[in-house]
Amino acid sequence: MQIAQALQQAQQQLSHYETAKLDTEVILSHCIGCNRTHLYAYPEEKLSASCYEEFLGYIQLRKDGHPVAHLVGYREFWSLEFKVTKDTLIPRPETECLVEQALTKISSTEAIHILDLGTGTGAIAIALATERPLAIITATDITEAVLAIAKENAESHQAEINFIQADWLNFSENKHYNIIVSNPPYIDRFDPCLAQGDVRFEPESALIAKNNGLADLNNIIALAKNFLVKNGWLILEHGFQQGQAVRAFFQHNHYQQIKTFSDYAGHERITLGQNP
């Protein structure tokens, strides 16, 4: 079986996925041990019997709904490769919009302090570290197993980050930050999306929040002021229908310069505010 033939057959099996082409290429690259460019360069290369059998097994799992990131053990984010497990939220493209907005507030010539709450795989903190190497970055997560993955990812990208096991802002480090960023849980427990797609296989603790998905967002907005320097920024990711509510939380807590930005699909996704 040639590479091109294997990909074509697998894409037909996964035709109900919008990402069928990308999914099959990522999986086959993993099985061969190459990058995706190799697949385009050598479409007539023959697969070994064991490689093809492994590929078919992964395709069946993907057909059953398992996330590609869990099958291959990593996900690309900000052009970086991040190890993921079933304990971690899979980094998503819309979260790159949070990184983009944070970078507009972070000087490339100053050693400012940044805090990433609920870091998960460490994707946000590590992306910021690669772009702003002078920044002093702290990242928290409540789960020890998740922090272990974040630390491993930081080491693989040579990112110097201080990791703390903590429930949001409940930790004893006596420091104020110029920037606080977070992609907290923001899905309501009864949201039908929880029964669809990759989220079925991801940890509920990283997805679901009380109060219609707004509880953690509200909590962070209320408490972050005590951890921000004067004129410091809080930057949050939220659900595409939560922009108005999140802006109201910022206003209630007297933040200034409140603004919401859309993700790549045009949905309200990132809201920020400045500590007066």
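In the predicted model, 50% of the 276 residues of the protein chain count as buried. Along the principal axes, the C-alpha atoms fill a box of roughly 65 × 40 × 30 Å. The chain comprises 11 helices and 9 strands. Among contacts between residues at least 6 apart in sequence, 64% link residues that are at least 24 apart.

In soluble globular proteins, nonpolar side chains tend to be buried together. The largest nonpolar core in the model contains 34 residues, of which Leu 128 and Ile 235 touch the most other members. The greatest contribution to this core, 7 residues, comes from helix 7 (residues 123-131). A second, separate core of 29 residues includes Tyr 177, Leu 207, Ala 224 and Phe 250. When residues up to four places away in sequence are not counted, the contacts of Ile 235 include Leu 98, Gln 101, Ala 102 and Lys 105. Ile 235 also touches Ile 179, Ile 180, Val 181 and Ser 182, as well as Ile 270, Thr 271 and Leu 272.

Helix 10 (residues 215-224) has Asp 216, Leu 217, Ile 220, Ile 221 and Ala 224 as buried residues. These residues lie on the same side of helix 10, because they cover an arc of only 130 degrees around the axis. Their packing partners are strand 3 (113-117), strand 6 (177-182), helix 9 (210-213), strand 7 (228-237) and helix 11 (243-252). Ala 224, one of the buried residues of helix 10, is also among the members of the second core.

In helix 11, the buried residues are Gly 243, Val 246, Phe 249 and Phe 250. Viewed down the axis of helix 11, the buried residues fall within an arc of 125 degrees and therefore line one face of the helix. Gln 244, Gln 251 and His 252 are exposed on the face turned away from this buried side. The elements covering the buried residues of helix 11 include helix 10, strand 7, strand 8 (256-262) and strand 9 (268-274). Just after helix 11, a positive phi of about 70 degrees is found at His 254.

Strand 1 (residues 74-77) pairs with strand 2 (residues 80-83) in the antiparallel sense, over 4 bridges. The two strands form a hairpin with 2 residues between them. In the turn, Trp 78 has a positive phi of about 55 degrees. The bridge partner of Phe 77 is Leu 80, in strand 2.

A search of the whole structure for disulfides returns 0. For Cys 51, the closest cysteine sulfur is that of Cys 31, and the separation of 5.3 Å is too far for a bond, given a cut-off of 2.5 Å between sulfur atoms. Cys 51 counts as buried because its relative accessibility is 8%, under the limit of 20%. The sulfur of Cys 97 lies 18 Å from its closest cysteine sulfur, in Cys 193, and this distance is likewise too far for a bond. With a relative accessibility of 3%, Cys 97 also counts as buried.

Technical notes:
Residues numbered from 1 in each chain as written. Predicted model: local features only at pLDDT ≥ 70, side-chain atom pairs only at ≥ 80, totals over all residues. Heavy atoms only, no water. Pairing = 2+ DSSP bridges. Buried < 20%, exposed > 50% of the residue type's maximum accessible area, 1.4 Å probe, protein only. Arc of directions from axis to C-beta. Contact = heavy atoms within 4.5 Å. Core = buried A, V, L, I, M, F, W, Y, C linked by side-chain atoms within 4.5 Å.
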